Amino acid sequence: MSYRISKVTWQTKKLELKAIRERVFVYELHIPKEVEFDQQDITAEHLIIIDEFDGPVGTGRLCEDGLLSRIAIFKSHRNRDAYASLIGGLVDLAKDKGFEDVFIQCILDEVPEFLQSGFSTHGHVFMEAGIPRQRLKCPIQSLKMEPFTMLH
């Protein structure tokens with residue numbers, strides 16, 4: 001299956017972005033809405049991933065500090081091509097903005113996999129929506145796509 005990425009703003013595509021993230025994070029993963037949507041949505045760069053039938057199947061955002069977050073892909077499209085397209089698009093945005101490093105916040109169970117792929121821990125473990133998470137950092141030049149799965 002082929003995918004294309006579209007850069008959008010929160011102001012123009014808020015309803016579509018919210019619908020995707022609600023479906024994945026709120027209804028499927030039971031993340032509270034008040035945690036899912038935050039002030040960073042307004043200032044972040046957003047991407048929507050679109051399938052070959054012109055339907056939106058996922059989204060992700062690049063925050064002002066280089067954080068790749070709110071990566072949500074519909075269950076029926078969670079595959080290597082979809083993640084590579086979306087993460088690749090976010091990394092391209094980060095490069096265009098001049099970032100040398102990108103960050104992710106992953107659940108603790110996934111930390112070892114990311115550490116083996118060029119990431120390092122950055123800060124302390126924290127709780128978000130009752131889930132322990134760790135912020136990780138990776139130089140863009142060293143970023144490998146293999147470890148990426150569902151991120152928040």
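Modeller: What follows takes the labels one by one.

Modeller: This is a predicted model, where local features need pLDDT of at least 70, side-chain atom pairs count only at pLDDT 80 or more, and totals for chains, interfaces and linings use all residues. Residues are numbered from 1 along each chain as its sequence is written, and side-chain values use heavy atoms, leaving out hydrogens and water.

Colleague: What makes up the secondary structure of the protein?

Modeller: Five helices and eight strands. They are DSSP runs, numbered from the N terminus: helices are H or I with at least four residues, strands are E with at least two. The order along the sequence is β-α-α-α-β-β-β-α-β-α-β-β-β.

Colleague: Why is D41 called buried?

Modeller: Its relative accessible area is 0%. Buried means under 20%, exposed over 50%, and partly exposed in between (1.4 Å probe, protein chains only). D41 is therefore buried. D41 sits in helix α3, residues 40-43. Beyond neighbours within four places in sequence, D41 is in contact (heavy atoms within 4.5 Å) with W10, R21, E36, H46 and R61.

Colleague: How do you know that E16 and K13 meet in a salt bridge?

Modeller: The N to O distance is 3.5 Å. A salt bridge needs a side-chain nitrogen of Lys or Arg within 4 Å of a carboxyl oxygen of Asp or Glu. The pair therefore qualifies. E16 and K13 are three residues apart in helix α1 (residues 10-28), about one helical turn. E16 counts as partly exposed at 26% relative accessibility, and K13 is partly exposed at 35%.

Colleague: What makes R70 and D38 a salt bridge?

Modeller: Their closest N and O atoms are 3.1 Å apart. R70 is in strand β4 (residues 68-73) and D38 in the loop between α2 (33-36) and α3, 32 residues apart. R70 is buried at 3% relative accessibility, while D38 is partly exposed at 26%.

Colleague: Which side chain meets R70 at 4.0 Å, N to O?

Modeller: E128. E128 lies in strand β7 (residues 126-128) and R70 in strand β4, so this pair ties together parts 58 residues apart in sequence. Salt bridges that share partners join R21, E36, D38, D41, R61, R70, E128 and R133 into one network.
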